[in-house]
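Please go through this note with the structure open beside you. Take the points in order and find each element as it comes up.

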Amino acid sequence: MSEFEPKIVAFCCNFCAFAAADLAGAMRIQYPANVRIIRLPCTGKADALYLMKAFEDGADGVFVAGCMEGECHFLRGNLRAKKRVDYVKKLLREVGINPQRIEMFNLSSAMGGRFAEIVEEMTQRIKELGPVSNDGCKETLET
Amino acid sequence: MIVADRKPLDEILNSIKDCDRIMLAGCGGCVTICFSGGAKAVQLLASQIKIARKKQDRPIEIIEVTPERQCEYEFIDALAEDLKSVDAVLSIACGVGVQAMTERHPDTVTLPGLNTKFMGYPVEHALWDERCAGCGDCVLEWTGGICPIARCAKKLLNGPCGGSADGVCEVDKELPCAWQLIYDRLKKIGKLDNLKKIREPKDWRTSTNAGQRKIKFEEAML
(Lines give C-alpha, C1' and ligand atoms only; values in the text may rest on other atoms or scores of the structure.)
Protein backbone atom coordinates (compact mmCIF):
# COMPACT_ATOMS: atom_id res chain seq x y z
CA MET A 1 0.00 0.00 0.00
CA SER A 2 1.33 3.44 -0.90
CA GLU A 3 2.27 5.81 1.88
CA PHE A 4 -0.47 8.11 3.12
CA GLU A 5 -0.11 11.54 1.56
CA PRO A 6 -1.99 14.07 3.69
CA LYS A 7 -3.85 17.05 2.37
CA ILE A 8 -2.74 20.13 4.25
CA VAL A 9 -4.15 23.61 3.81
CA ALA A 10 -1.93 26.58 4.70
CA PHE A 11 -3.46 29.98 5.31
CA CYS A 12 -0.56 32.36 4.69
CA CYS A 13 -0.21 36.07 5.30
CA ASN A 14 0.63 38.02 2.17
CA PHE A 15 3.38 39.99 3.92
CA CYS A 16 5.38 37.18 5.50
CA ALA A 17 4.60 33.49 5.05
CA PHE A 18 3.40 33.84 1.46
CA ALA A 19 6.51 35.86 0.57
CA ALA A 20 8.61 33.31 2.46
CA ALA A 21 7.06 30.51 0.40
CA ASP A 22 7.94 32.50 -2.71
CA LEU A 23 11.49 32.93 -1.43
CA ALA A 24 11.74 29.21 -0.72
CA GLY A 25 10.87 28.65 -4.36
CA ALA A 26 13.43 31.21 -5.58
CA MET A 27 16.04 29.53 -3.37
CA ARG A 28 15.12 26.17 -4.93
CA ILE A 29 14.39 24.67 -1.50
CA GLN A 30 12.50 21.39 -1.74
CA TYR A 31 9.54 20.77 0.53
CA PRO A 32 6.65 18.26 0.47
CA ALA A 33 3.92 18.89 -2.09
CA ASN A 34 1.16 18.12 0.42
CA VAL A 35 0.48 21.75 1.19
CA ARG A 36 -2.08 23.91 -0.61
CA ILE A 37 -1.41 27.57 0.12
CA ILE A 38 -4.20 30.09 0.46
CA ARG A 39 -3.01 33.68 0.45
CA LEU A 40 -4.67 36.03 2.92
CA PRO A 41 -4.13 39.80 3.19
CA CYS A 42 -3.28 39.14 6.86
CA THR A 43 -3.77 36.13 9.14
CA GLY A 44 -6.30 38.33 10.93
CA LYS A 45 -8.56 37.31 8.02
CA ALA A 46 -8.23 33.63 8.97
CA ASP A 47 -11.79 33.25 10.17
CA ALA A 48 -12.51 30.26 12.42
CA LEU A 49 -15.05 29.23 9.78
CA TYR A 50 -12.37 29.03 7.04
CA LEU A 51 -10.36 26.71 9.24
CA MET A 52 -13.37 24.53 10.05
CA LYS A 53 -14.47 24.43 6.40
CA ALA A 54 -11.03 23.13 5.42
CA PHE A 55 -11.56 20.14 7.73
CA GLU A 56 -15.19 19.78 6.67
CA ASP A 57 -14.05 19.51 3.05
CA GLY A 58 -11.47 16.84 3.77
CA ALA A 59 -8.22 18.46 4.86
CA ASP A 60 -6.08 16.24 7.12
CA GLY A 61 -4.23 19.20 8.55
CA VAL A 62 -4.33 22.99 8.52
CA PHE A 63 -1.81 25.62 9.48
CA VAL A 64 -1.95 29.36 9.70
CA ALA A 65 1.31 31.20 9.09
CA GLY A 66 1.59 34.85 10.01
CA CYS A 67 4.17 37.48 10.82
CA MET A 68 6.38 37.38 13.90
CA GLU A 69 4.51 38.57 16.97
CA GLY A 70 4.74 42.34 17.19
CA GLU A 71 5.53 42.60 13.46
CA CYS A 72 2.01 42.34 12.01
CA HIS A 73 1.40 44.73 9.12
CA PHE A 74 -2.01 45.40 10.65
CA LEU A 75 -0.68 45.43 14.23
CA ARG A 76 -2.74 42.65 15.83
CA GLY A 77 -3.93 40.39 12.99
CA ASN A 78 -1.52 37.57 13.83
CA LEU A 79 -2.47 37.72 17.52
CA ARG A 80 -6.14 37.41 16.61
CA ALA A 81 -5.29 34.46 14.35
CA LYS A 82 -3.45 32.77 17.22
CA LYS A 83 -6.56 33.03 19.39
CA ARG A 84 -8.76 31.70 16.59
CA VAL A 85 -6.47 28.72 16.03
CA ASP A 86 -6.77 27.95 19.76
CA TYR A 87 -10.56 28.29 19.47
CA VAL A 88 -10.68 25.95 16.46
CA LYS A 89 -8.57 23.42 18.39
CA LYS A 90 -11.37 23.42 20.96
CA LEU A 91 -14.07 23.01 18.29
CA LEU A 92 -12.13 20.14 16.69
CA ARG A 93 -11.65 18.38 20.02
CA GLU A 94 -15.44 18.52 20.51
CA VAL A 95 -16.09 16.73 17.21
CA GLY A 96 -13.41 14.12 17.82
CA ILE A 97 -10.61 15.47 15.63
CA ASN A 98 -7.12 15.65 17.12
CA PRO A 99 -6.38 19.35 17.78
CA GLN A 100 -2.75 18.77 16.78
CA ARG A 101 -3.99 18.80 13.21
CA ILE A 102 -4.11 22.58 13.31
CA GLU A 103 -1.25 24.89 14.24
CA MET A 104 -0.21 28.52 14.12
CA PHE A 105 3.30 29.52 12.99
CA ASN A 106 5.08 32.86 12.91
CA LEU A 107 7.83 33.78 10.49
CA SER A 108 9.13 36.69 8.42
CA SER A 109 9.26 37.13 4.66
CA ALA A 110 13.03 36.51 4.75
CA MET A 111 12.58 33.02 6.19
CA GLY A 112 12.26 30.89 3.07
CA GLY A 113 14.10 28.04 4.76
CA ARG A 114 11.88 28.23 7.82
CA PHE A 115 8.78 28.02 5.62
CA ALA A 116 10.07 24.79 4.12
CA GLU A 117 10.81 23.51 7.64
CA ILE A 118 7.26 24.30 8.76
CA VAL A 119 5.83 22.40 5.80
CA GLU A 120 8.13 19.45 6.57
CA GLU A 121 7.15 19.55 10.24
CA MET A 122 3.40 19.69 9.57
CA THR A 123 3.53 17.02 6.86
CA GLN A 124 5.47 14.72 9.18
CA ARG A 125 3.08 15.36 12.06
CA ILE A 126 -0.02 14.67 9.96
CA LYS A 127 1.55 11.57 8.39
CA GLU A 128 2.10 10.21 11.90
CA LEU A 129 -1.51 11.02 12.85
CA GLY A 130 -2.82 9.40 9.66
CA PRO A 131 -5.93 10.40 7.70
CA VAL A 132 -8.39 12.60 9.56
CA SER A 133 -10.93 9.76 9.38
CA ASN A 134 -8.61 7.82 11.75
CA ASP A 135 -9.30 10.15 14.63
CA GLY A 136 -11.42 8.30 17.13
CA CYS A 137 -13.63 9.25 19.97
CA LYS A 138 -12.65 12.38 21.84
CA GLU A 139 -11.73 10.51 25.04
CA THR A 140 -8.56 9.31 23.38
CA LEU A 141 -7.51 12.74 22.16
CA GLU A 142 -4.60 14.56 23.67
CA THR A 143 -5.53 17.89 25.17
CA MET B 1 -29.52 41.96 26.93
CA ILE B 2 -30.17 38.24 27.18
CA VAL B 3 -26.97 36.21 27.49
CA ALA B 4 -26.84 32.56 26.49
CA ASP B 5 -24.19 29.90 26.23
CA ARG B 6 -23.98 26.99 23.81
CA LYS B 7 -24.92 23.56 25.08
CA PRO B 8 -22.19 20.90 25.00
CA LEU B 9 -21.86 19.48 21.48
CA ASP B 10 -22.57 15.93 22.69
CA GLU B 11 -25.94 17.02 24.06
CA ILE B 12 -26.77 18.76 20.77
CA LEU B 13 -25.68 15.76 18.68
CA ASN B 14 -27.72 13.45 20.87
CA SER B 15 -30.85 15.58 20.49
CA ILE B 16 -30.64 15.41 16.67
CA LYS B 17 -29.39 11.83 16.41
CA ASP B 18 -32.50 10.63 14.54
CA CYS B 19 -32.54 13.52 12.05
CA ASP B 20 -31.18 13.46 8.51
CA ARG B 21 -32.08 17.00 7.62
CA ILE B 22 -32.42 19.87 10.06
CA MET B 23 -32.81 23.60 10.08
CA LEU B 24 -30.21 25.32 12.23
CA ALA B 25 -31.80 28.59 13.24
CA GLY B 26 -29.85 31.42 14.86
CA CYS B 27 -31.13 34.80 15.94
CA GLY B 28 -29.95 38.26 14.96
CA GLY B 29 -30.73 39.75 18.38
CA CYS B 30 -29.12 39.33 21.82
CA VAL B 31 -27.41 36.00 21.09
CA THR B 32 -25.64 37.48 18.07
CA ILE B 33 -24.11 40.09 20.34
CA CYS B 34 -23.01 37.49 22.89
CA PHE B 35 -21.53 35.33 20.07
CA SER B 36 -23.56 32.25 20.94
CA GLY B 37 -26.34 32.28 18.35
CA GLY B 38 -25.71 34.70 15.49
CA ALA B 39 -25.07 33.95 11.82
CA LYS B 40 -21.41 33.16 12.53
CA ALA B 41 -22.31 30.80 15.37
CA VAL B 42 -24.81 29.07 13.04
CA GLN B 43 -22.10 28.49 10.41
CA LEU B 44 -19.56 27.20 12.93
CA LEU B 45 -22.01 24.87 14.68
CA ALA B 46 -23.27 23.58 11.31
CA SER B 47 -19.69 22.82 10.33
CA GLN B 48 -19.06 20.99 13.61
CA ILE B 49 -22.27 18.96 13.29
CA LYS B 50 -21.49 18.01 9.68
CA ILE B 51 -17.97 16.87 10.58
CA ALA B 52 -19.22 14.89 13.60
CA ARG B 53 -21.99 13.20 11.59
CA LYS B 54 -19.66 12.41 8.70
CA LYS B 55 -17.40 10.63 11.18
CA GLN B 56 -20.40 8.57 12.33
CA ASP B 57 -21.07 7.66 8.68
CA ARG B 58 -24.40 9.36 8.89
CA PRO B 59 -24.16 12.66 7.00
CA ILE B 60 -26.71 15.31 7.78
CA GLU B 61 -28.13 18.13 5.67
CA ILE B 62 -28.44 21.48 7.37
CA ILE B 63 -30.42 24.53 6.29
CA GLU B 64 -28.76 27.52 7.94
CA VAL B 65 -30.95 30.52 8.75
CA THR B 66 -30.60 33.53 11.02
CA PRO B 67 -33.84 35.52 11.23
CA GLU B 68 -33.58 39.09 12.47
CA ARG B 69 -35.18 38.04 15.75
CA GLN B 70 -36.42 34.54 16.49
CA CYS B 71 -38.67 35.77 19.30
CA GLU B 72 -41.04 37.62 16.95
CA TYR B 73 -43.51 35.84 14.70
CA GLU B 74 -43.11 38.34 11.87
CA PHE B 75 -39.57 37.10 11.34
CA ILE B 76 -40.08 33.36 11.77
CA ASP B 77 -43.34 32.87 9.88
CA ALA B 78 -41.32 33.24 6.67
CA LEU B 79 -39.48 29.99 7.48
CA ALA B 80 -42.64 27.86 7.02
CA GLU B 81 -41.80 26.69 3.48
CA ASP B 82 -38.30 25.47 4.37
CA LEU B 83 -39.60 23.75 7.50
CA LYS B 84 -41.66 21.30 5.43
CA SER B 85 -38.51 19.44 4.41
CA VAL B 86 -36.73 19.13 7.76
CA ASP B 87 -36.92 16.58 10.55
CA ALA B 88 -36.39 19.15 13.28
CA VAL B 89 -35.24 22.68 14.00
CA LEU B 90 -32.15 23.17 16.12
CA SER B 91 -32.54 26.65 17.53
CA ILE B 92 -29.61 28.61 18.88
CA ALA B 93 -31.74 31.51 20.04
CA CYS B 94 -32.69 32.12 23.66
CA GLY B 95 -35.50 30.16 25.28
CA VAL B 96 -38.01 32.70 24.00
CA GLY B 97 -36.91 32.03 20.42
CA VAL B 98 -37.19 28.26 20.84
CA GLN B 99 -40.71 28.62 22.24
CA ALA B 100 -41.72 31.12 19.55
CA MET B 101 -40.64 28.60 16.89
CA THR B 102 -42.59 25.84 18.66
CA GLU B 103 -45.69 28.00 18.88
CA ARG B 104 -45.62 29.33 15.32
CA HIS B 105 -44.57 26.04 13.72
CA PRO B 106 -46.29 23.38 15.86
CA ASP B 107 -45.87 20.65 13.23
CA THR B 108 -42.09 20.78 13.55
CA VAL B 109 -40.07 19.87 16.63
CA THR B 110 -37.79 22.68 17.76
CA LEU B 111 -34.81 21.69 19.91
CA PRO B 112 -32.67 24.06 21.99
CA GLY B 113 -28.97 24.43 21.22
CA LEU B 114 -28.25 27.04 23.89
CA ASN B 115 -28.63 27.40 27.62
CA THR B 116 -30.17 30.81 28.24
CA LYS B 117 -28.39 32.25 31.25
CA PHE B 118 -29.27 35.78 32.35
CA MET B 119 -29.80 39.42 31.52
CA GLY B 120 -26.32 40.85 31.49
CA TYR B 121 -24.03 43.74 30.82
CA PRO B 122 -20.81 43.48 28.76
CA VAL B 123 -18.19 44.57 31.30
CA GLU B 124 -15.62 44.22 28.55
CA HIS B 125 -15.54 42.82 25.02
CA ALA B 126 -16.89 39.25 25.10
CA LEU B 127 -17.39 39.18 28.89
CA TRP B 128 -20.88 39.52 30.40
CA ASP B 129 -21.91 39.89 34.00
CA GLU B 130 -25.40 39.24 35.31
CA ARG B 131 -27.10 42.53 36.14
CA CYS B 132 -30.86 41.95 36.30
CA ALA B 133 -32.88 39.01 37.60
CA GLY B 134 -36.22 40.32 36.32
CA CYS B 135 -37.70 40.23 39.85
CA GLY B 136 -40.57 42.48 38.80
CA ASP B 137 -40.15 45.01 41.62
CA CYS B 138 -37.04 47.11 41.07
CA VAL B 139 -35.01 48.15 44.13
CA LEU B 140 -32.27 50.05 42.31
CA GLU B 141 -33.60 53.40 43.50
CA TRP B 142 -32.50 52.87 47.11
CA THR B 143 -29.51 50.58 46.43
CA GLY B 144 -27.60 53.19 44.46
CA GLY B 145 -28.14 51.50 41.10
CA ILE B 146 -26.57 48.17 42.09
CA CYS B 147 -28.90 45.18 42.23
CA PRO B 148 -28.69 42.92 45.29
CA ILE B 149 -31.15 40.46 43.74
CA ALA B 150 -29.00 39.72 40.70
CA ARG B 151 -25.59 40.27 42.28
CA CYS B 152 -25.80 39.05 45.88
CA ALA B 153 -25.55 35.27 46.16
CA LYS B 154 -28.17 35.31 48.92
CA LYS B 155 -30.35 38.00 47.32
CA LEU B 156 -30.21 39.87 50.63
CA LEU B 157 -32.20 43.07 51.07
CA ASN B 158 -30.45 44.03 54.33
CA GLY B 159 -26.86 43.04 53.59
CA PRO B 160 -24.06 42.35 53.71
CA CYS B 161 -23.87 38.95 55.37
CA GLY B 162 -20.97 37.54 57.40
CA GLY B 163 -19.47 36.01 54.28
CA SER B 164 -18.37 39.37 52.92
CA ALA B 165 -14.63 39.90 53.46
CA ASP B 166 -12.44 42.59 51.91
CA GLY B 167 -15.23 43.40 49.49
CA VAL B 168 -15.35 39.84 48.18
CA CYS B 169 -18.19 37.31 48.41
CA GLU B 170 -17.49 34.00 50.18
CA VAL B 171 -19.11 32.10 47.30
CA ASP B 172 -16.33 32.96 44.85
CA LYS B 173 -13.11 34.92 45.30
CA GLU B 174 -13.66 36.53 41.90
CA LEU B 175 -17.11 37.77 42.92
CA PRO B 176 -17.35 41.23 44.50
CA CYS B 177 -19.76 41.50 47.42
CA ALA B 178 -22.82 43.28 46.00
CA TRP B 179 -23.52 44.86 49.38
CA GLN B 180 -19.98 46.26 49.60
CA LEU B 181 -20.55 47.79 46.16
CA ILE B 182 -23.91 49.18 47.31
CA TYR B 183 -22.34 50.65 50.47
CA ASP B 184 -19.49 52.26 48.53
CA ARG B 185 -21.88 53.69 45.97
CA LEU B 186 -24.35 55.07 48.53
CA LYS B 187 -21.46 56.63 50.45
CA LYS B 188 -20.24 58.31 47.28
CA ILE B 189 -23.61 59.82 46.45
CA GLY B 190 -24.32 60.77 50.08
CA LYS B 191 -27.24 58.38 50.51
CA LEU B 192 -25.96 56.10 53.28
CA ASP B 193 -29.17 56.87 55.18
CA ASN B 194 -30.90 54.51 52.75
CA LEU B 195 -29.32 51.65 54.70
CA LYS B 196 -30.85 52.68 58.03
CA LYS B 197 -34.26 51.51 56.96
CA ILE B 198 -34.90 47.81 57.53
CA ARG B 199 -36.37 46.37 54.37
CA GLU B 200 -39.35 44.04 54.70
CA PRO B 201 -39.15 40.61 53.02
CA LYS B 202 -39.68 40.99 49.29
CA ASP B 203 -42.96 39.92 47.72
CA TRP B 204 -41.70 37.36 45.23
CA ARG B 205 -45.06 37.05 43.47
CA THR B 206 -43.84 39.73 41.08
CA SER B 207 -40.98 37.40 40.17
CA THR B 208 -41.31 33.86 38.83
CA ASN B 209 -42.98 32.53 41.97
CA ALA B 210 -46.61 33.16 41.00
CA GLY B 211 -46.82 31.57 37.61
CA GLN B 212 -46.14 32.96 34.17
CA ARG B 213 -46.12 36.73 34.05
CA LYS B 214 -47.81 38.83 31.41
CA ILE B 215 -47.54 42.47 30.46
CA LYS B 216 -50.21 44.19 28.44
CA PHE B 217 -49.84 47.69 27.00
CA GLU B 218 -53.48 48.45 26.39
CA GLU B 219 -52.99 51.67 24.39
CA ALA B 220 -50.83 49.97 21.77
CA MET B 221 -53.06 46.93 21.24
CA LEU B 222 -54.63 46.50 17.83
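1. Start with a definition. Two residues are in contact if their C-beta atoms, placed from the backbone, lie within 7 Å. Axes are lines fitted to C-alpha atoms, for helices over the stretch in contact, and angles run from 0 to 180 degrees between N-to-C directions. Helices (H or I, at least four residues) and strands (E, at least two) are DSSP runs, numbered from the N terminus. With that in hand, look at helix H1 (residues 17-26) of chain A. Helix H1 lies across S1, S2 and S3 of chain A and runs at about 110° to S1(A).

2. A word on the source. This is a predicted model: local features need pLDDT of at least 70, side-chain atom pairs count only at pLDDT 80 or more, and totals for chains, interfaces and linings use all residues. Residues are numbered from 1 along each chain as its sequence is written, while chains are lettered from A and ligands numbered from 1 in the order in which they are written.

3. The sheet of chain A. In what order do the four strands of the open sheet in chain A stand? The order is S2-S1-S3-S4, and the pairing is parallel. Two strands pair if DSSP finds at least two bridges between them. Strand S2 (35-40) and strand S4 (102-106) of chain A are the edge strands, each pairing on one side only. On average, neighbouring strands of this sheet are turned by 20° against each other, direction ignored.

4. Inside that sheet. Strand S1 (residues 8-13) and strand S3 (residues 61-66) of chain A run parallel and are joined by five bridges. To find the pair on screen, look for Ile8(A), which stands opposite Gly61(A) in S3(A). Helix H4 (residues 112-129) of chain A lies across S1, S2, S3 and S4 of chain A. Its direction is at about 160° to S3(A).

5. The sheet of chain B. Here, too, four strands form an open sheet, in the order S3-S2-S4-S5, with parallel pairing. Its edge strands are strand S3 (61-65) and strand S5 (110-112) of chain B, and each pairs on one side only. The twist averages 25° from one strand to the next. Helix H3 (residues 39-55) of chain B packs on this sheet and touches S2 and S3 of chain B. The direction of H3 makes about 175° with that of S3(B).

6. Bridges in chain B. Strand S2 (residues 21-25) and strand S4 (residues 88-91) of chain B pair in the parallel sense over four bridges. Ile22(B) has Ala88(B) as its bridge partner in S4(B). Ala25(B) stands opposite Ser91(B) in S4(B). S4(B) and S5(B) also run parallel, joined by three bridges. There, Leu90(B) has Leu111(B) as its bridge partner in S5(B).

7. A crossover to trace. Follow S4(B), H6(B) and S5(B): they make a right-handed β-α-β unit. Right-handed means that, with the strands pointing away from the viewer, the path from the first strand over the helix to the second runs clockwise. Helix H6 (residues 95-104) of chain B lies across S2, S4 and S5 of chain B, at about 170° to S5(B).

8. Where the chains touch. The contact takes eleven residues from chain A and ten residues from chain B. On the side of chain A that touches chain B, helix H2 (48-56) and helix H3 (77-95) of chain A each supply at least two residues. H2(A) gives the largest share of that side, six residues.

9. Domains of chain B. Chain B is divided into domain 1 (2-117) and domain 2 (133-206). These bounds come from an automatic or database domain assignment. The C-alpha centres of the two domains of chain B lie 38 Å apart.

10. Backbone points to check. Most residues other than glycine have a negative phi, and most peptide bonds are trans. A cis peptide bond joins Gly159(B) and Pro160(B), with omega about 0°. Phe35(B) is not a glycine, yet has a positive phi of about 65°. Phe35(B) is found in the loop between helix H2 (30-33) and H3 of chain B. Lys155(B), also not a glycine, has a positive phi of about 55°. Lys155(B) is found in the loop between H7 and H8 of chain B.
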